[in-house]
Amino acid sequence: MKQQKGFIFDLDGVIVDTAKFHFLAWRKLGENFNFQLTEAQNEQLKGVSRVDSLNKILNWAGVEISQEEFDRFAWSKNENYLTYVAQMTPEDILPGVKSTIEKLKSGSYPIALGSASKNAPGILQKVGLFDQFDVIIDGNSVSKAKPDPEVFLQAANQLGVAPKDCIVFEDAHAGITAANSAGMTSIALGDPGILSHADYVFNTFTEITIDFLTQLQSK
Ligand code: B16
Ligand code: MG
């Protein structure tokens, strides 16, 4: 394995703000069983797979449904979510993300995507970032969802970088737990109150300098 650092980006909430689209789509789905998802509950869905998210929502709503209905609900939530995704453009890339990727690439650091989303490749195409990643690991490639570290360990393996030399950018509680369990350096983007288990917390990429990233010590 190379000693060089590798950088692993989560997608939803880190590269693009699709978390708000997931929220709207889950909320709409909840109308089917008179359940109104709160923002605090939505926070617990960040980084969590589609199936696990629907299970949590049904649990909160106290609703039991057949497998057939479950599959239909998961499908219909995704169809609704994709209507928002269809309107995305490169303008939707969050502040500072593009320049961070460009700087890492010009320093020849390998970069990967590590997302729970099965829609990740399509979203990256929509915002014009698909070709920037050396490796893409998404919800189609993993069997265990975050907080399990599988997604990040697969990314490190395909990058050819040891986990201790990987740095993960995440916005979700479950995602930071996954990065920590993988033995990687975790950098949270978001609320320090929610993401206090991360090694570092920032509000946005605009606060993170390339010098800070390249000088990080391995775990
Ligand atoms: P999909 P990330 C996660 O993406 C989202 O944070 C989470 O809210 C969503 O349920 C999950 O992807 C699955 O997404 O329904 O598109 O397959 O944050 O890991 O990039
Ligand atoms: Mg995320």
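**View 1. Asparagine 34, sitting in the loop between H1 and helix H2 (39–43).** This is a predicted model, and the close-up picks out a backbone angle worth a look. For context, most residues other than glycine have a negative phi.

**View 2. The cis peptide bond between lysine 146 and proline 147.** Omega comes out at about 15° for the bond joining these two residues. Proline 147 belongs to the loop that runs between strand E3 (135–137) and helix H7 (150–159). As a reminder, most peptide bonds are trans.

**View 3. The magnesium ion (ligand 2) and its protein donors.** Three aspartates coordinate the ion: Asp10 and Asp171 each use OD, while Asp12 uses O. The distances run from 2.0 to 2.1 Å. Along the chain, the donors of the magnesium ion follow the spacing D-x1-D-x158-D. Aspartate 12 and aspartate 171 link distant parts of the chain, 159 residues apart. Aspartate 12 is in the loop between strand E1 (6–9) and helix H1 (19–30), and aspartate 171 is in the loop between strand E4 (166–170) and helix H8 (173–181).

**View 4. Where domain 1 meets domain 2.** The protein chain splits into domain 1, made of 6–16 + 93–218, and domain 2, covering 19–85. Their C-alpha centres are 24 Å apart. At the interface, twelve residues of domain 1 touch twelve residues of domain 2. Together the two domains bury about 990 Å², with 55% of it on carbon and sulfur atoms. On the domain 1 side, the residues touching domain 2 are six nonpolar, one polar and five charged.

**View 5. Polar pairing across the domain 1 and domain 2 interface.** How many salt bridges are there between domain 1 and domain 2? The count is zero. Polar contacts do turn up, with two residue pairs between the domains, both at pLDDT 80 or more.

Technical notes
Residues numbered from 1 in each chain as written. Chains lettered and ligands numbered in written order. Predicted model: local features only at pLDDT ≥ 70, side-chain atom pairs only at ≥ 80, totals over all residues. Heavy atoms only, no water. Domains from an automatic or database assignment. Contact = heavy atoms within 4.5 Å. Buried area = accessible area lost by both parts, 1.4 Å probe. Salt bridge = Lys/Arg side-chain N within 4 Å of Asp/Glu carboxyl O. Polar contact = N/O pair within 3.5 Å; in protein donor to acceptor, adjacent residues only side chain to side chain. Nonpolar A, V, L, I, M, F, W, Y, C, P; charged D, E, K, R; others polar. Donors = N, O, S within 2.8 Å, 3.2 Å for Na, K, Ca; no water. Helix = DSSP H or I, 4+ residues; strand = E, 2+ residues; numbered from the N terminus.
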